[in-house]
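Hi,

Here is the structure I promised to pass on. Have a look first, and my notes follow below.

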Amino acid sequence: MADSEIVNDRTPLLERKGSISSIDSCNKVGFRSLENDDMKIKAVIDTENAKYGITNVIDVIGDSDCMSPVEVNGANNTEPADIVCIFSVAFDTRAGNIIEWYLPNDCNVDGIEFRAMASGSHRVQTDFIYFKRGQLYGLACFENMPVDNACERGARMKSVGVLAVSYTSLHFHMNFLRKQVRQLLENPGSYTEMETYYENHKGSFPTFNAFSDQLNGDNIKLWNNIMPMMKITHPAGCFSQFLNFFGERIFVLWKLVLLRKRIIFFSPPPIGVVCYRVYCTISLTAHHLSEIGYWCSQPFFYVNIADMDTLASEKVFVACTTEKIFQSKTNLYDLYVDNQNFVSDIPLIQKLMGVSYADRKKYEELCKLQSQNTLQNGDLDSDENDETWFMRYFMNLNDKLFRRLLDVSQSEDKQWTIEHMHAVGLDPVNDRTFIMELVDTYGIDIVAAPDTLCCSP
């Protein structure tokens, strides 16, 4: 049915229901490591650095963490068995957002109806939403379909979504969710395909209370044991869109997320592409060094006013919202990003919001890598593997930065010099505040050498 067609269906919205189903062990997804990218990246970086007399800004090393699905037993397994819950949310003209169906029925799904359908969604026809529910992550696809039905005020709105332990594989379910929300709009109450999909893709349920917003000490250890096993994946095209949208200011976000700052992205609906900005920002922290710890910002993705108390208790996170009121709640964030406008009342953050000379050089490197990849692979949006250059770039940038800092901290004099700043691709003047904040954040013991101090503003 075309989007513009009108349906005449007076079927009432269903009451909440579910069916009990056991949860099997998680099936593993086959992955292959990426090859033949390192020399391309290194060649571009070396060429650019040679122009300005800078060497060893980034050393490209092998990466087993950036991986992509491959065929398993002859089938292209692009939809991993990781689902904890599948659900349908609808808008009712009298009750508002309601959960109309979910599996399994022993899941605590309270509140998910407000996370799976963003505030202001009635203004758009389609959208998708990433969100956090306790210690689980969700992805829902929304659609608004016109109907010739006074009870529904001329519009039928639904979201179909899934919950999983990790957000990194949720995008594999996107196609099914998009098709299914249209199916439910045209045939309300038809959940057979959702039941089958759940049975085919259900994963192991965590043994702790994954629906709680807080974890105790023992559960934190268990959760940390689960998360490092997750593979780094990404929706096709999201990193290129991220780079094109923010330009050289992507390195402002890189610095702030490494400093564990609280970041909120704002945009009116649709919110899906803004959820990708959260995803990409989190990805900027990737590295291989166990000495630093495998820490990253807490990705909340979509949040609304009901999440304000939760955010107030968080020391670090990256989130997005469609509600403008968040800008006035300055106690909730360190950086507020209104589309491409960076806002902060904190003097330190304001100082770090400037783009340095070194940032522009790194941005040129990224653009050149992007161009080379486009020539090699064609349309960047055609295959998720096309964007591994982006992940590798920041992973190796972080590895180089932290490795050099750790080496200096273990030296006899612990002196951090201008040469060190150049070696890790930083501006000795404008990036001095960043490097001092960085070592303080991670507890790295270095001392700024006199030549570094004399060059500070």
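How many aromatic pairs does the structure hold? There are 28 aromatic pairs, counting rings of Phe, Tyr and Trp (its six-membered ring) with centres within 6.5 Å; planes under 30 degrees apart are stacked, over 60 edge-to-face and the rest tilted.

Before you go on: this is a predicted model, where local features need pLDDT of at least 70 and side-chain atom pairs 80 or more, while totals for chains, interfaces and linings use all residues. Residues are numbered from 1 along each chain as its sequence is written, and side-chain values use heavy atoms, leaving out hydrogens and water.

One of the pairs is Tyr 130 with Tyr 276, tilted at 55° between the planes and 6.0 Å centre to centre. Both Tyr 130 and Tyr 276 are buried (under 20% relative accessible area, with exposed over 50% and partly exposed in between; 1.4 Å probe, protein chains only). Trp 389 and Phe 390 also pair up: their planes are at 75°, so this one is edge-to-face, with centres 5.8 Å apart.

As for disulfides (cysteine sulfur atoms within 2.5 Å), a search of the whole structure finds 0. Cys 275 has its nearest cysteine sulfur, that of Cys 320, 3.7 Å away.

Cheers
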